[in-house]
Amino acid sequence: MPLSPTDEIVGPAARAGVGVGAFNVVQLEHAEAIVAGAEAAGRPVILQISENTARYHGGLEPVGLAALAVARAALIPVAVHLDHAESVDLVHEAVRLGFSSVMFDASTLPYKENLRETREVAAYCHAREVWVEAELGEVGGKDGAHAPGVRTDPAEARDFVAATGVDALAVAVGSSHAMTTRDAVLDFALIAALRDAVGVPLVLHGSSGVADAELARAVAAGMTKVNVSTHLNKQFTRAARTYLDAHPSAVDPRKYLGPARDAVAEAVAHLLGVLRGGRD
């Protein structure tokens with residue numbers, strides 16, 4: 001299968017032992033900020049759109065086409081990725097729109113059903129040159145089956161990857177979605193064991209809750225794709241609130257969305273430096 005733009009970013013990073021930043025887009029300013037930060041850092045980047053964000057916008061197409069347009073205009077390699085899709089129909093739509101990768105999340109299902117559905121999605125996407133990420137184990141911080149404390153088993157992960165043919169695996173190693181503090185405790189020995197067990201790049205979800213030094217350690221232990229959302233939203237909201245507090249009569253959204261966009265760009269540039277680990 002020819003390499004998708006996502007594989008062209010993640011594959012070399014995995015071989016070099018450096019991390020790739022994958023940042024969630026909520027609206028146009030996020031996409032612009034993420035690319036601006038990546039350009040400032042001189043690093044490739046992944047724009048992610050979640051199923052929840054697609055629902056917020058009334059569908060995937062409006063926000064998806066905007067992200068694709070921002071990616072095409074970028075001065076560095078940018079991939080557009082569907083994040084945490086539980087709907088097969090949404091996966092098909094992302095492929096139709098031109099996304100280069102998808103994350104199909106059937107981790108709430110029993111293992112055999114997760115394996116079967118993920119294998120079917122991988123076959124569909126690979127026939128269309130689209131890279132596929134799946135999840136095994138439950139990353140905390142979401143409702144329902146995403147319960148804190150669950151960990152991914154290396155032997156099960158090895159068998160799952162071999163049976164499904166996925167290109168990357170999101171694993172549960174101690175992080176949690178939607179954390180607003182950066183004090184998650186990662187299991188670095190488990191990360192190394194998973195790296196040795198599976199032959200595809202590992203993905204860290206819930207990275208907003210992980211401190212800079214721990215993110216660098218996670219990459220050194222074997223993580224490649226590092227997903228960040230809540231941390232950027234915090235920077236965005238803080239900058240907008242600071243402007244509005246100082247200018248209570250402001251009514252033009254560009255006046256406060258501009259500083260918010262700049263704050264996200266700065267955070268992205270910083271995080272990409274952390275994930276690079278000082279290596280080119």
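**Helix pairs**

I began with helix α8 (residues 188–197) and α9, whose axes come within 8 Å and cross at roughly 30 degrees. That makes α8 roughly parallel to α9. My cut-offs for angles: under 35 degrees is roughly parallel, over 145 roughly antiparallel, 65 to 115 roughly perpendicular, and the rest oblique. Axes are lines fitted to C-alpha atoms, for helices over the stretch in contact, and angles run from 0 to 180 degrees between N-to-C directions. Helices (H or I, at least four residues) and strands (E, at least two) are DSSP runs, numbered from the N terminus.

I note for the whole page that this is a predicted model, where local features need pLDDT of at least 70, side-chain atom pairs count only at pLDDT 80 or more, and totals for chains, interfaces and linings use all residues. Residues are numbered from 1 along each chain as its sequence is written, and side-chain values use heavy atoms, with hydrogens and water left out.

I checked the hand next: α8 passes α9 in a right-handed crossing. A crossing is right-handed if the near helix is turned clockwise from the far one by less than a right angle, and left-handed if anticlockwise. From α8, the contact takes in Phe 188, Ile 191, Ala 192 and Arg 195. From α9 come Glu 214, Arg 217, Ala 218, Ala 220 and Ala 221. I take contact to mean heavy atoms within 4.5 Å. By class, I find 6 nonpolar, no polar and 3 charged residues in the contact of α8 with α9. Ala, Val, Leu, Ile, Met, Phe, Trp, Tyr, Cys and Pro count as nonpolar, Asp, Glu, Lys and Arg as charged, and the others, Gly among them, as polar.

Then I followed helix α9 (residues 212–221) to helix α11 (residues 253–276). Their axes come within 8 Å and cross at roughly 40 degrees. α9 and α11 are therefore oblique to each other. This crossing of α9 and α11 is right-handed. Asp 212, Leu 215, Ala 216 and Val 219 of α9 meet His 270, Leu 271, Val 274 and Leu 275 of α11. The contact of α9 with α11 holds 6 nonpolar residues, 1 polar and 1 charged.

My last pair was helix α4 (residues 60–72) and helix α5 (residues 88–97), which pack at about 35 degrees with their axes 11 Å apart. The crossing of α4 and α5 is right-handed. On the α4 side I listed Leu 60, Glu 61, Leu 65 and Leu 68. On the α5 side are Leu 90, Glu 93, Ala 94, Arg 96 and Leu 97. The contact of α4 with α5 has 6 nonpolar, no polar and 3 charged residues.

**Aromatic pair**

How many aromatic pairs does the structure hold? I found 1. Rings of Phe, Tyr and Trp (its six-membered ring) pair if their centres lie within 6.5 Å; planes under 30 degrees apart count as stacked, over 60 as edge-to-face and the rest as tilted. The ring centres of Tyr 111 and Phe 160 are 6.0 Å apart and their planes are at 55 degrees, so the pair is tilted. Tyr 111 lies in helix α6 (residues 111–126) and Phe 160 in helix α7 (residues 154–164), so the pair ties together parts 49 residues apart in sequence. Phe 160 is buried at 0% relative accessible area, whereas Tyr 111 is partly exposed at 28%. Buried means under 20%, exposed over 50%, partly exposed in between (1.4 Å probe, protein chains only).

**Positive phi**

Most residues other than glycine have a negative phi.

- His 84 has a positive phi of about 50 degrees. It lies in strand β3 (residues 78–85) and is buried at 9%.
- Glu 129 has a positive phi of about 65 degrees. It sits in the loop between α6 and β5 (131–136) and is partly exposed at 43%.

**Single residues**

I looked at Val 35 in helix α2 (residues 28–41). Val 35 is buried, at 5%. Leaving aside neighbours within four places in sequence, Val 35 is in contact with Leu 47, Val 70, Ala 74 and Val 78.

Is Glu 266 buried or exposed? Glu 266, in helix α11, is exposed at 61%. Its C-alpha atom is separated by 8.8 Å from that of Ile 34, 232 residues apart along the chain.

**Whole chain**

Of the 280 residues, 53% count as buried.
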